[in-house]
Each structure stands twice: as structure tokens, then as C-alpha cells.
Amino acid sequence: MQRIGVFVCHCGTNIAATVDVKTVAEALGHEPGVVISQDYQYMCSESGQNLVKNAIKEHNLTGVVICSCSPRMHENTFRKAAAAAGLNPYLVEIANIREQCSWIHKDIATATDKAIILGKAAVAKVHLNAPLTAGESPVAKRALVIGGGIAGIQTALDIAEAGFDVDIVEKQPTIGGKMAQIDKTFPTLDCAACILTPKMVEASQNEHITIHSFSEVTDVKGFVGNFTVTIKKKACYVDETKCTGCGLCTEKCPMKKVPNEFNMGLDNRTAVYIPFAQAVPKVATIDPNYCMMLKNGKCGVCSKVCSVGAIDYKQQDSFIEQKYGAIVVATGFNPIKLDKYDEFAYNQCPDVVTSLELERLMNAAGPNGGTLLRPSDKTHPHKIVFVQCVGSRCDDSKGKPYCSKICCMYTAKHAMLIREKYPDTEVYVFYIDVRTPGKNFDEFYRRAVEQYNVHYIKGMVGKVTPRSDGKIDVQASDLLADEQLHIDADMVVLAAAIEPDKTARPLATMLTTQMDTNDFFTEAHPKLHPVESATAGIFLSGACQGPKDIPETVAQASAAAAKAIGLLVKNSITCNPCVAHSNELMCNGCSSCEKVCPYGAITYEDKEFRMPDRTTAIRRVASVNPAVCQGCGACTVACPSGVMDLNGFSNSQIMAEVDAICK
Amino acid sequence: MQVNENKEFEPLIVAFCCNWCSYAGADLSGTNRLNYPTNVKIIRVPCSCRVNPMFILRAFQRGADGVILCGCHPGDCHYTSGNYFTRRRMTLLFSMLDFLGIERDRTRVEWVSAAEGAKFAATMNEFTEAVKKLGPNRRLEDLRCRKQ
């Protein structure tokens with residue numbers, strides 16, 4: 001016989017003002033199995049909790065119903081209180097009579113009736129609650145960081161600092177990411193390479209950090225604390241252990257017409273290459289799409305000049321399998337492709353560049369050695385037009401609906417740097433809004449306007465037309481002066497929107513994490529869990545979660561590291577006991593549940609059963625791994641025999657609630 | 001059967017809300033004091049895909065006048081793909097219910113995120129009005145279950 005205690009909270013006047021709590025307690029006291037029904041001013045206060053604890057002991061309760069605020073608020077509080085009084089915490093149910101009753105209704109009579117019904121539903125459910133025990137699973141003391149940009153590097157360094165082994169997987173031949181391509185950083189104007197490269201070196205020298213460059217994650221299995229990840233090390237045709245990074249092969253390689261990705265294709269590299277001078281790891285990589293030896297077997301210059309014999313044309317992709325306790329995603333961003341923006345003539349005119357290309361053009365290690373020259377005729381530009389929000393804040397299908405966040409600031413930076421270095425150059429910036437929230441950001445933007453006389457014009461550029469005399473005609477509207485403008489520009493710089501890296505979506509599928517419609521990873525809670533993904537053990541770092549500037553990225557990277565460390569220090573973790581389980585006696589092994597499980601938690605095993613005629617038979621039945629199951633319940637509905645059920649939200653419990661509400 | 005003609009018909013509406021989005025959205029409409037009728041009674045489920053068609057049939061059998069199912073927006077499911085199952089299952093179920101005489105307006109699937117408290121309240125107001133217009137559900141109601 002169940003012995004249930006009902007506790008109705010006044011929540012000061014939050015509940016008591018619109019719900020007659022005494023009537024609720026009285027009515028619920030008559031429900032079958034209820035032995036005590038009380039109301040109290042603040043049930044979540046210490047004395048309120050003591051009231052519950054004492055009642056559990058005194059009446060030897062087998063179930064507790066708290067009529068109070070949302071279970072999202074205080075379910076854990078009351079579960080802990082029940083556990084402290086010796087009752088299984090999963091025998092506590094909450095009836096939400098604040099957020100879903102007293103706060104939304106005005107009429108006391110109907111609100112009280114509704115509160116009673118909600119209470120009855122909770123009582124009906126708690127009758128069927130079963131005591132649950134959370135299981136434990138061990139934690140592998142190693143973390144994986146996917147992506148080796150500034151976010152990944154910072155996360156890895158912080159985790160390594162705490163004494164845990166970390167692996168960085170980077171798809172490019174070097175770590176460093178986008179920050180390595182940037183010339184100066186806002187708002188301090190310090191050199192990006194000067195602050196990034198020491199961190200890259202630190203990461204490569206740290207005994208706890210292993211860098212898998214030119215590698216990709218191809219498979220992720222397992223669950224929090226116990227991921228098994230397969231990493232593909234792509235063939236780079238150079239033995240990493242032998243290569244000293246001397247660069248002799250890159251000098252001698254006869255194939256010199258390969259577009260240089262690091263310089264955004266503005267100049268060429270050789271087929272065997274080291275991405276940039278400070279690359280980490282500093283080893284050469286052979287590009288199989290251009291290498292003549294790999295394409296038609298005729299060349300072999302690099303292997304002849306290599307003094308250590310590191311060149312290996314027969315190298316194959318290799319695979320590493322490793323166990324990890326936590327995974328941090330730091331896949332970063334890319335500027336969008338501007339193919340669809342014909343109005344800006346990006347594909348037609350070499351002097352229309354994106355901001356990241358301008359970044360390379362102005363970089364001392366860039367194609368022009370730091371002198372700003374037009375890509376077309378290598379002359380000095382005298383009039384530069386910046387176009388903001390190219391693809392950002394767009395409501396059509398061409399662009400992105402969100403604000404890319406960093407463009408306003410880097411455009412101010414570019415404008416300022418150009419005016420500083422070349423005072424004879426006029427700079428125009430066309431904007432929709434200038435958004436400068438951030439420490440010292442608005443001051444920085446105002447400096448660009450006031451001190452450097454950058455012409456900021458509110459309005460969008462309608463058309464960019466390259467002319468035969470080499471100038472570029474920019475047609476735009478000035479919204480504040482309400483006039484049409486024509487500017488004869490020498491260069492046009494487009495602040496292209498940023499989007500998540502293309503590898504993010506397949507990765508999210510592998511990790512079973514959520515993404516939003518723009519392919520940014522979704523955090524578990526936008527305010528309270530900003531660096532965790534909704535999948536336990538997977539953390540988010542940097543721009544893969546949303547557009548971010550460098551300080552924010554680093555802050556998030558460290559936060560993700562702290563969360564990962566918090567997981568790795570544990571020897572074992574408690575699992576959510578509200579998981580699916582099947583009744584093996586009735587399971588017919590049809591695989592319906594396995595197909596709908598998003599976590600791969602259901603496997604099939606052959607089990608021996610005793611049949612009614614005393615023979616034994618081997619049958620294939622579903623078995624749920626409780627450590628992998630997240631408790632969504634998809635399988636419970638898919639099961640044609642109805643034998644798959646979910647702890648805490650069982651078929652009979654929900655039916656009982658429906659019945660109680662519809663009575 | 002006594003029908004009180006003077007009293008306005010008050011439908012009974014069962015709302016299944018997923019724990020991660022819609023239940024939180026319902027909480028948010030409470031926090032923002034956005035009113036919706038007391039007719040709506042919410043049942044919390046971990047994911048909209050936990051809602052077995054049996055629960056909905058049971059609700060109609062026991063006298064519910066409308067059933068609404070709320071989950072995370074497509075693509076935003078906490079469990080990656082649960083709401084896609086919901087969408088497909090409920091399309092089938094609702095067309096079958098329609099065939100059985102349970103009007104389309106009595107059943108609904110709505111995507112409400114944890115941030116859409118206003119949408120939750122508006123949906124519930126709208127849905128309650130729609131069900132109110134249709135009158136009581138007599139088609140599937142099991143009179144043996146009716147409270148005397």
C-alpha cells in the first residue's frame with residue numbers, strides 16, 4: 001500500500017494569491033494513498049524541507065508530491081531532501097502550480113481547480129514511480145580538442161595545465177587557424193602573430209599535448225567519460241618524425257603555380273609546402289593534387305634534395321583509435337563564399353577583395369610583404385571603399401540572418417591602419433549600423449572617425465562596376481543625406497559574413513550534438529550552460545558556437561577547458577537513471593527501437609530463455625546500455641510490442657496522468 | 001445527460017510538452033505572466049517523441065476535447081532527432097483521427113522553444129478558442145469513463 005505525502009507551497013503570495021492552497025491540500029488529502037497533505041509558506045526553505053523530511057520519517061512515506069514551482073527550478077532540491085530522509089529521490093514528483101497555474105491565471109476558483117487537477121495527476125504518477133538508482137561509469141583521463149585555432153589551442157593548454165593529456169586534431173597541416181592569417185587585432189592593434197605563435201609553440205612543446213595535424217575525426221563512439229574516437233591522419237607524403245622543416249624541398253620544387261590558401265590565393269606556393277614560417281608542427285606537406293611525382297611519377301626533386309630522407313611518396317592515410325573522457329569542439333568559422341554576390345563584382349575584379357584577403361595584403365608575411373597594393377596592377381590604391389554586412393543580417397537565401405559580430409570592428413581597424421600608414425588614401429565605410437559593444441570598442445571606432453577621418457556613410461552599396469580605366473565605380477546611397485553616391489574607388493573591401501566550418505555538420509552528427517539552422521553548435525542552455533553542448537561530455541569552444549572575436553573566443557575556450565577538467569578529475573560519473581529498458585521476455589528482437597535511437601544505445605544480444613515446455617531457446621533481444629541512453633523515449637513509441645519503457649516517464653505513469661487530468 | 005445551456009462550454013485540453021523546449025517555454029510564459037486559459041493542463045515528457053499515440057487516444061477516450069503536442073523546433077531537438085519522429089507519427093495519427101471524426105482543429109503539433117513564452121501563451125489561447133468553437137468531443141469519448 002502506497003503512503004504518499006502531499007506538500008503544497010504558498011511561495012509567499014506567488015502561489016497563494018491566486019490558488020487557495022488550503023483547499024488544494026484538503027482536496028489532495030482525499031486522494032487514494034495520500035496519508036498526509038500539508039501546506040507551507042516556503043517549501044523550498046530549510047524549514048519547509050525539514051517539514052518534508054520529518055513527514056517522510058514519521059509517516060514512512062513511499063512517495064512525495066510537492067505542489068510548487070516548476071520542476072526545472074526545485075526538483076533537485078526536493079529530491080535531495082527526500083534522499084536525506086532515506087527515501088529514494090526518484091519517488092518525488094512535482095506539480096507545477098506556479099509557472100503553469102498561479103502566475104498565468106487570475107480567477108481564484110478556476111486556478112484552484114486546475115491546481116487540484118495538476119496535483120492529482122502528480123499523485124497518480126507517483127503511485128507508479130519506481131525507486132531508481134543512478135549507475136556509475138568510469139572516466140577516461142584524456143581530452144580531445146577538435147580544431148587547432150586559437151580556441152582549440154587555448155582549451156588544450158588549459159586542460160594540459162591541469163595535468164591531463166590532450167590531443168588536438170587539426171585538418172590543416174599547421175595549427176593556428178584564422179588568427180594566424182590576421183595581421184593586427186582590434187582594439188589594441190597588436191600583432192596577431194606575435195601573440196599567437198608563442199601559444200602555438202607552447203602547445204607543441206607541452207608534454208601533455210599531442211598535435212595531430214592534417215588529420216580528421218572520422219568516427220566517434222561511446223558516451224561521456226568513455227568516447228572512442230577514430231582519427232584519420234591524412235597522408236602528407238613526408239615522414240613527420242624525420243622532417244626538420246628546413247624548407248629546402250619547398251625551394252627546389254619545380255611546381256610553383258599552386259594557389260596559396262594561407263594567403264587566400266593571392267599568391268602561389270609550391271606543391272611541397274610549409275603553410276607559413278611559424279607553422280606548428282613545422283613539417284613539409286606534399287599536395288597530391290599538384291605534385292608531379294604523385295600525379296605521373298616524373299620528378300622526385302624533393303626526395304633528392306631532402307638530406308634526412310623524410311619524403312615518402314608511398315605514405316598512406318593512417319588511423320588512430322583513442323579513448324577520451326571529454327571532447328571539445330573548436331571547429332571555428334570561415335568567411336562565406338561570395339559567388340552569389342554579382343552586384344559586388346567579387347569574381348570579376350581582382351581589386352574587389354574580402355576583408356580576410358585585405359588582411360593578407362597588409363601583412364608583412366603576405367604576398368606584398370606588407371605594402372598595400374592593388375592585386376590587379378600592383379599600384380597603390382588612393383580610394384578604398386569598405387562594404388559592411390555582405391551576407392550578414394540578410395533575410396534572403398543568399399546570406400545569413402545573423403550579425404557576424406566582428407566585421408564592424410575589423411573594418412574600423414582596417415580603415416584606421418590604412419589611414420595611419422597611407423594618409424593620402426581616402427577610406428569610405430558603408431554600413432547599416434555600426435555595432436561596437438565591447439570593452440574599448442566604441443572608443444576605437446570613434447578614433448577611426450574622429451582622429452583618422454574615415455568617412456562612415458550609413459547606407460548600402462547597390463552596385464560595384466569595374467571600369468576599363470582600372471577604377472571601380474561604386475554606386476551607393478547615403479541614407480542620412482538621402483542622396484545617391486558614385487565613388488571612383490581603387491579597391492573595394494567586402495566584409496563577408498562568417499559561417500561555421502563545413503566540417504561542423506558531419507561532426508555534429510558523429511557527436512550527436514545539436515546545431516541551429518545556421519550550423520552553429522547549440523549550447524545546452526543559452527545563459528546557464530554556454531559552453532556545454534546538450535550531449536554530456538561534449539563542450540563548445542570559440543566560433544563554432546556563434547560569431548566571436550578573439551577575446552571572447554579565448555574566454556570561451558578557457559571556460560570549455562574548465563568544464564572538461566571538471567569532468568576529467570572525476571574517477572567515475574553518475575548516469576541519468578531515467579533511461580529506457582526493455583522487457584526481454586516479450587521483446588521479439590525486431591530492431592525497431594535500434595533504428596530510432598539517436599545515440600546507438602540499443603544493441604541486440606542473443607540470450608537464453610527457458611520456454612514454458614522446459615526447453616531452452618536462444619532469442620535475439622534488445623538491450624539498452626544505460627550509460628549511453630539519454631532517456632528521450634523515441635524507442636518506447638517505436639516498439640510494436642510495447643515492451644520498451646522509460647524509467648521516470650513510463651507508459652503507465654503518463655497514462656495515469658492523462659487519466660487524472662481527464663477525470 | 002444534462003447540458004447546462006447557460007454555462008459556456010469549457011473544453012478540456014491536454015498539452016504534452018517536451019522537457020527541454022516547450023515545458024521551459026510554458027514556464028517562461030508563467031514567469032512573464034502571460035495569460036492563457038485554465039483549460040490547458042500540461043503533462044511533462046522528456047521529448048515530444050515520448051508521446052505514444054496511445055496517450056492521445058486515451059485522452060480523447062477519457063473526455064479531453066483537444067490535445068496539443070509541443071516540442072523543440074525541427075533541428076533543435078535536445079535529443080537530435082526526436083521531434084522529426086513526432087512530426088511523422090502525428091501526421092499519421094491526426095489524419096487517422098480526422099478519418100474517425102476527430103476534427104483537425106482538436107489536435108495540433110506546435111514547435112515552441114524555451115525562449116518563446118509569448119508563442120506558448122498565444123498558441124494555447126488560439127488552440128483553446130478553436131476547440132471551444134468545435135464544442136465537446138463526443139466522437140471518441142467513452143461514456144463509461146465519464147464522471148457522474
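**A walk through a two-chain model**

In chain A, the axes of helix H12 (residues 407–421) and helix H13 (residues 441–451) come within 9 Å of each other and cross at roughly 35 degrees, where axes are lines fitted to C-alpha atoms, for helices over the stretch in contact, and angles run from 0 to 180 degrees between N-to-C directions. Helices (H or I, at least four residues) and strands (E, at least two) are DSSP runs, numbered from the N terminus. This is a predicted model, in which local features need pLDDT of at least 70 and side-chain atom pairs count only at pLDDT 80 or more, while totals for chains, interfaces and linings use all residues. Residues are numbered from 1 along each chain as its sequence is written, and chains are lettered from A and ligands numbered from 1 in the order in which they are written.

The crossing of H12(A) and H13(A) is left-handed, a word used if the near helix is turned anticlockwise from the far one by less than a right angle, with right-handed used if it is turned clockwise. From H12(A), the residues A:Met409, A:Ala412, A:Ala415 and A:Met416 meet A:Phe441, A:Phe444, A:Tyr445, A:Arg447 and A:Ala448 of H13(A); two residues are in contact if their C-beta atoms, placed from the backbone, lie within 7 Å. By class, this contact has 8 nonpolar, no polar and 1 charged residues, where Ala, Val, Leu, Ile, Met, Phe, Trp, Tyr, Cys and Pro count as nonpolar, Asp, Glu, Lys and Arg as charged, and the others, Gly among them, as polar. In the loop between strand E22 (426–431) and H13 of chain A lies A:Asn440, which has a positive phi of about 65 degrees although it is not a glycine.

Chain A also holds an open sheet of 3 strands, in the order E24-E25-E26 and with antiparallel pairing; two strands pair if DSSP finds at least two bridges between them. Its edge strands, E24 (461–466) and E26 (483–489), each pair on one side only. E24(A) and strand E25 (residues 472–478) are joined over 5 bridges, and A:Val464 has A:Val474 in E25(A) as its bridge partner. Further along, strand E34 (residues 602–610) and strand E35 (residues 616–624) of chain A pair in the antiparallel sense over 9 bridges, with A:Asp606 standing opposite A:Arg620 of E35(A). Their hairpin has 5 residues between the strands, and there A:Arg614 takes a positive phi near 70 degrees.

We can now turn to the meeting of the two chains. The contact takes 41 residues from chain A and 39 residues from chain B, and H18(A) gives the most to the side of chain A that touches chain B, with 8 residues. The axes of H18(A) and helix H2 (residues 53–61) of chain B come within 9 Å and cross at roughly 20 degrees. That makes H18(A) roughly parallel to H2(B), since angles under 35 degrees count as roughly parallel, over 145 as roughly antiparallel, 65 to 115 as roughly perpendicular and the rest as oblique. Here the crossing is right-handed, and the contact is made by A:Ile654, A:Met655, A:Val658 and A:Cys662 of H18(A) together with B:Phe55, B:Arg58 and B:Ala59 of H2(B). By class, the contact of H18(A) with H2(B) has 6 nonpolar, no polar and 1 charged residues.
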